Amino acid sequence: MTTTTIRTIQVRADGHITEHTFSTEGTGAQLCQLIGCDLLDVVGLVDGIDLFVDDEGINRGAALNLPATVLAHVLGTSAVLFGTAIAVNVDEEGETIGLTDDQVARIGAAMRQRPDPETVEALAHSLSPFPGIVAMLRG
């Protein structure tokens, strides 16, 4: 299936979440523009969902992105993320494509619900350098 647009969800460190759609032309450059970076890193989640982030975010002083970090943990990957994250879909060949309605719904549900106790403990381990956040998660 060929698509000419890519549907994404942008998750900012301040908790602001926005859906974006852009052309498949110059996907990497458009992702960099939405994130505000020069180099991309990708974090693979369940169901073909990828999160793109600034590969140099932590080194450039980007803020901890707690919403994206929780999302990553809930959707199967123990990653601590900094700066803006962009959720996309990936096909069988590893190409970036737009999110499906089901993926958007899954991301939305993961962002609205409190993580289960097992995920909270995984987050507490990953976020141990941030004791105030760990206390909030466990509270």
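The side chain of Thr27 places a polar atom 2.9 Å from the backbone oxygen of Thr24, a polar contact (a pair of N or O atoms within 3.5 Å; within protein, one must be able to donate a hydrogen and the other to accept it, and residues adjacent in sequence count only if both atoms are side-chain atoms). The model is a predicted one, in which local features need pLDDT of at least 70 and side-chain atom pairs count only at pLDDT 80 or more, while totals for chains, interfaces and linings use all residues. Residues are numbered from 1 along each chain as its sequence is written, and side-chain values use heavy atoms, with hydrogens and water left out.

Thr27 belongs to helix α1, residues 27-35; helices (H or I, at least four residues) and strands (E, at least two) are DSSP runs numbered from the N terminus. With 17% relative accessibility, Thr27 counts as buried, where buried means under 20% relative accessible area, exposed over 50% and partly exposed in between (1.4 Å probe, protein chains only). Leaving aside residues up to four places away in sequence, Thr27 touches Ile6, Phe22 and Thr96, a contact being heavy atoms within 4.5 Å.

Strands β3 (residues 40-44) and β4 (residues 49-54) pair in the antiparallel sense over five bridges; two strands pair if DSSP finds at least two bridges between them. Val43 stands opposite Leu51 in β4. Four residues separate the strands of this hairpin, and Asp47 takes a positive phi near 60° there.

How much of helix α2 is covered? Seven of the nine residues in this helix (residues 66-74) are buried, namely Leu66, Ala68, Thr69, Val70, Leu71, Ala72 and His73. Their cover includes β1 (5-11), β4, β5 (85-90), α3 (101-112), α4 (117-126) and α5 (131-138).

Nonpolar side chains tend to be buried together in soluble globular proteins. A nonpolar core is a set of buried Ala, Val, Leu, Ile, Met, Phe, Trp, Tyr and Cys residues joined through side-chain atoms within 4.5 Å. The largest one here has 19 residues, and those with the most contacts inside it are Ile9, Leu45, Leu51, Leu75, Leu81, Ala87 and Ile107. Two or more residues come from each of β1, β4, α2, β5 and α3. Apart from this core lies another, of 10 residues, with Val70, Leu123, Leu127 and Leu137 among them.

One aromatic pair is present in the structure. Phe82 and Phe130 form it, tilted, at 6.5 Å centre to centre and 50° between the planes; rings of Phe, Tyr and Trp (its six-membered ring) pair if their centres lie within 6.5 Å, and planes under 30 degrees apart count as stacked, over 60 as edge-to-face and the rest as tilted. Phe82 sits in the loop between α2 and β5 and Phe130 in the loop between α4 and α5, so the pair ties together parts that are 48 residues apart in sequence. Phe82 is buried at 15%, whereas Phe130 is partly exposed at 28%.

The whole structure has zero disulfides. Cys32 is buried at 14% relative accessibility, and Cys37 is buried with a relative accessible area of 8%.

Definitions and conventions. Disulfide = S-S within 2.5 Å.
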